[in-house]
Amino acid sequence: MTILAPEAETHILVFPFPAQGHMIPLLDLTRKLAVHGLTITILVTPKNLSFLHPLLSTHPSIETLVFPFPAHPLIPSGVENNKDLPAECTPVLIRALGGLYDPLLHWFISHPSPPVAIISDMFLGWTQNLASQLNIRRIVFSPSGAMALSIIYSLWRDMPRRNQNEVVSFSRIPNCPNYPWRQISPIYRSYIENDTNWEFIKDSFRANLVSWGLVVNSFTELEEIYLDYFKKELGSDHVWAVGPLLPPHHDSISRQSERGGPSSVPVHDVMAWLDTCEDHRVVYVCFGSQTWLTKDQIEELALSLEMSKVNFIWCVKEHINGKYSVIPSGFEDRVAGRGLVIRGWVPQVLILSHPAVGAFLTHCGWNSVLEGLVAAVPMLAWPMGADQFVNARLLVDELQVAVRVCEGAKTVPNSDELARVIMESVSENRVEREQAKKLRRVAMDTIKDRGRSMKDFDGLVKNLFRLKVEAQ
């Protein structure tokens, strides 16, 4: 590793959680911090180093700290990223990364000019204990929105139990509806009291509540009531809404396509195909990097796309075993010319921003939500788990930029009904499309020089520089 010179300026350690939905926005934030003159070291394990290449190629001053991935009996050798594990293994990955505490402590102690703060993902709450031991500041980074994060914090603070009504209420959170138990965070629902590993995870989430600051990939105009709630609950104004975090607008198409990993298809081919389509007539279908559809779900979705007769791009995460399946045989031949099936990672921001795209069938992951809003594309909501049910409620009930088409990771949609909704989603004069256009304008204004997100970002930077002065 490269050691920074003693005369280095304000030094910050950035520690992302190794999942694409978590890494992408934190690396976007890191890019902005580097532009503003902060000295940055990013901690990753070897198999995740490649995700940093687009950032490091444009900001070579950023240092990397590469630690071996801590071995864990439930994680196969060579696997270091959430995308290569079933969703139910996320707690295992959280626990495994706790094994970096001692190596990281030693690195700090031996460094001639160590960081004055740690910015780490909300799944890495144990870094708060490390920061306390080192007498430095820790800032939580949330890739989830403020509404979803407020529920996550409330769950681990209050520890509600499953009750006869199967409903969990959040009375302390303003304007927050009740949620059925099945829609609560699967990590929380899996918690086992007095189990050593689960107590570590519980303590890690609770450590977020006492961290020095919180950075949220959202914007005030979207979630002001929940951001204000955080300031009140945490007893601090160190809550910064800096979103939507996006790739730099001046980046080339090839560089934007590498955001989150190399594209599985030639980007120019996808853009050229979209160029042949009418405006607002293509449905983009993608359920993120972590979701595998079951055989029945894939077959019904394929049938609905075929029956709808619409143009579409379907990003598929395939996994061949007894539970998950591939695209039905002959499907791609039958939809040739009007549909593209792409296997693997795709440049989602570029696809959504193309004028041909008129609707987005999504699992409602927060990155996808923000990218859809910025592109002014109305959404078809199919939440599967994690924070997605909360996000879907925000999109459908509060913002009115989406319609529900299905709910649940195991639910199989009705192909006739889904085909009808898909067909209607690209019709003209949709209320959701007009609402999406309004929100896009708000989102773009907030990240301009005098926008509220830029003001929050400037406040974050000023506070980070102030830490260097306090440490001297």
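# Group meeting: a walk through a predicted model

Gln400 is partly exposed, with a relative accessible area of 43%. I start there, and one caution applies to that value and to the rest of the talk: this is a predicted model.

Where does Gln400 sit? The residue lies in the loop that runs between helix H16 (388–399) and strand E15 (402–404). Most residues other than glycine have a negative phi, and most peptide bonds are trans.

Asn135 is another residue, not a glycine, with a positive phi, in this case near 60°. You will find Asn135 in the loop between H5 and strand E5 (137–142). Is Asn135 buried or exposed? Asn135 counts as exposed because its relative accessibility is 72%, and the cut-off for that word is over 50%.

The peptide bonds come next. Gly243 and Pro244 are joined by a cis peptide bond, with omega at about 0°. On the model, look for Pro244 in the loop between strand E9 (239–241) and helix H10 (253–256).

Now the aromatic rings. How many aromatic pairs does the structure hold? The count is 18 aromatic pairs. One of them is made by Phe15 and Trp126: the ring centres are 5.9 Å apart and the planes stand at 80°, so this pair is edge-to-face. The pair ties together distant parts of the chain, with Phe15 in strand E1 (residues 11–15) and Trp126 in helix H5 (residues 126–134), 111 residues apart. Phe15 and Trp126 are both buried.

Tyr191 and Trp198 also form an edge-to-face pair, with 6.4 Å from centre to centre and 90° between the planes. Both of these residues, Tyr191 and Trp198, are buried. They also belong to a cluster linked by ring pairs, whose members are Phe17, Phe123, Trp156, Trp181, Tyr188, Tyr191, Trp198 and Phe205.

Leu26 is in helix H1 (residues 20–35). Why is Leu26 called buried? Its relative accessible area is 1%, and buried means under 20%. Leaving out residues up to four places away in sequence, Leu26 touches Val14, Phe15, Pro16, Ile119 and Phe141. There is also a C-alpha distance to note: Leu26 and Pro143 are 117 residues apart along the chain, and their C-alpha atoms are separated by 7.4 Å.

For a contrast, take His106 in helix H4 (residues 101–110). His106 counts as exposed, at 56% relative accessibility. His106 and Arg137 are 31 residues apart along the chain, and 17 Å separates their C-alpha atoms.

Two buried polar side chains are next on my list. Gln348 is in helix H14 (residues 348–353) and is buried, with a relative accessible area of 11%. What does the side chain of Gln348 join in a polar contact? The partner is the side chain of Ser368, at 3.1 Å. Ser368 is also among the residues Gln348 touches, and the others are Tyr284, Cys286, Phe360 and Glu371, again not counting residues up to four places away in sequence.

The other one is Asn391, in helix H16. Asn391 is buried, with a relative accessible area of 2%. Setting aside neighbours within four places in sequence, Asn391 is in contact with Ala148, Cys364, Gly365, Trp366 and Val369.

Last topic: empty space. Rolling a probe the size of a water molecule over the atoms shows where empty space is left. The structure holds five cavities of 30 Å³ or more. I will describe the second largest cavity, which has a volume of about 80 Å³.

Which residues line the second largest cavity? They are Phe287, Gly288, Thr291, Leu293, Ile298, Trp314, Cys315, Val316 and Lys317. Strand E11 (residues 311–316) gives the largest share of this lining, three residues. Sorted by class, the lining has six nonpolar, two polar and one charged residues.

Definitions and conventions
Residues numbered from 1 in each chain as written. Predicted model: local features only at pLDDT ≥ 70, side-chain atom pairs only at ≥ 80, totals over all residues. Heavy atoms only, no water. Helix = DSSP H or I, 4+ residues; strand = E, 2+ residues; numbered from the N terminus. Buried < 20%, exposed > 50% of the residue type's maximum accessible area, 1.4 Å probe, protein only. Polar contact = N/O pair within 3.5 Å; in protein donor to acceptor, adjacent residues only side chain to side chain. Contact = heavy atoms within 4.5 Å. 1 Å grid on protein atoms, 1.4 Å probe; cavity = no way out; pocket = protein on both sides within 12 Å on 5 of 7 lines; lining within 4 Å. Points joined across faces, edges and corners; volume = space filled by probe spheres on them. Nonpolar A, V, L, I, M, F, W, Y, C, P; charged D, E, K, R; others polar. Phe/Tyr/Trp six-rings, centres within 6.5 Å; stacked < 30°, edge-to-face > 60°.
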